Amino acid sequence: MTVLGRGDLSPARHHRRHGRRWWWLLLLLVATLAVGGWFGWRAWRGDNTSTVRTSTTPCVQPVRPPAPATPSAVHVRVLNSTKRAGLAHDVAAQLRRRGFRIAGVGNAPHVVAATVVQHSASDRAAALAVTEQLRAANATVVQVRIVTIIIGRDFHGLASKELVATHRAADLRNASASPSPCPSSSG
């Protein structure tokens, strides 16, 4: 019932928007406390797995290549894998003048595009000495029984003595010992 001139006397309607805002705020607060409590509980118990992982990871020493061998200590076989006749003999003669011992000269069974230096596992130092002599610094190195150069179509001659000296200095630097990255366990 209404009184004339006073408008509607029914109670004012409440909008529910304010209640929803508080509900989401309360839910966000509870979730934040739960996540913070979980991390706090793990820290209090000492369940920090990151410290466990770092303390049990072994320190790996870097593997250094050996120092290159002197040319007089290297026996090398030279194989021609190109269509240029006599190339293996020419390269073998140049290597002999540089102090290498020639173990054989011949033709490769198939043509290869890139020069390959093959060596046994124990002849890595000899293979480094031979690789230093090549102009192509990206010659493929493969392990076999005797150090062998298979001359590919990319071969354009041996490296100059200056370039050989530069390669040797780099190989000697790579072979030299450096401080260990592992912490010392003296204690």
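This is a predicted model: local features need pLDDT of at least 70, side-chain atom pairs count only at pLDDT 80 or more; totals for chains, interfaces and linings use all residues.
Which residues of H3 are buried?

**View 1. Helix H3 and its buried side.**
The buried residues of H3 are Leu87, Ala88, Val91, Ala92 and Leu95. Around the helix axis they span an arc of only 130°, so they sit on the same side of H3. His89, Arg96 and Arg97, on the other side of H3, are exposed. The cover over the buried residues of H3 includes E1, strand E2 (101-107) and E5. Gly99 follows H3 and has a positive phi, near 105°.

**View 2. The largest nonpolar core.**
In soluble globular proteins, nonpolar side chains tend to be buried together. The largest nonpolar core in this model has 23 residues, and Val74, Val76, Val91, Leu95 and Val130 touch the most other members. Strand E1 (75-80), helix H3 (87-97), helix H4 (124-132) and strand E5 (148-151) are the elements that give two or more residues to this core. Leu95, one of the buried residues of H3, touches Val76, Val78, Phe100, Ile102, Gln133, Ile149 and Leu158, leaving aside residues up to four places away in sequence.

**View 3. A second core.**
A separate core of 5 residues includes Ala108, Val112, Val116 and Ile150. Ile150 is a buried residue of E5.

**View 4. Strand E5 and its two faces.**
In a regular strand the side chains alternate between the two faces of the sheet. In E5 both faces are covered. Thr148 and Ile150 are buried on one side, and Ile149 and Ile151 are buried on the other.

**View 5. The strands paired with E5.**
E5 pairs with E1 in the parallel sense, over 4 bridges. Within this part of the view, Asn80 has Ile151 of E5 as its bridge partner. Strand E3 (residues 116-119) runs antiparallel to E5 and is joined to E5 by 3 bridges. Here the bridge partner of Val117 in E5 is Ile149.

**View 6. Thr82 in the loop between E1 and H3.**
Thr82 lies in the loop that separates E1 from H3. Is this residue buried or exposed? Thr82 has a relative accessible area of 16%, so Thr82 counts as buried. The side chains of Thr82 and Asn80 are joined by a polar contact of 2.7 Å. At 3.2 Å, the side chain of Thr82 also reaches the backbone nitrogen of Arg84. With residues up to four places away in sequence left out, Thr82 touches Leu87, Ile151, Gly152 and Arg153.

The structure holds 1 salt bridge. Which residue forms a salt bridge with Glu132? The partner is Arg168, and the closest N and O atoms are 3.3 Å apart. Arg168 belongs to helix H5 (residues 161-175) and Glu132 to helix H4, so the pair ties together parts that are 36 residues apart in sequence. Glu132 is buried, because its relative accessible area is 2%. Arg168 has 22% relative accessibility and therefore counts as partly exposed.

Key:
Residues are numbered from 1 along each chain as its sequence is written. Side-chain values use heavy atoms; hydrogens and water are left out. A nonpolar core is a set of buried Ala, Val, Leu, Ile, Met, Phe, Trp, Tyr and Cys residues joined through side-chain atoms within 4.5 Å. Buried means under 20% relative accessible area, exposed over 50%, partly exposed in between (1.4 Å probe, protein chains only). Contact means heavy atoms within 4.5 Å. A salt bridge is a side-chain nitrogen of Lys or Arg within 4 Å of a carboxyl oxygen of Asp or Glu. A polar contact is a pair of N or O atoms within 3.5 Å; within protein, one must be able to donate a hydrogen and the other to accept it, and residues adjacent in sequence count only if both atoms are side-chain atoms. The arc is that of the directions from the helix axis to the C-beta atoms. Two strands pair if DSSP finds at least two bridges between them.
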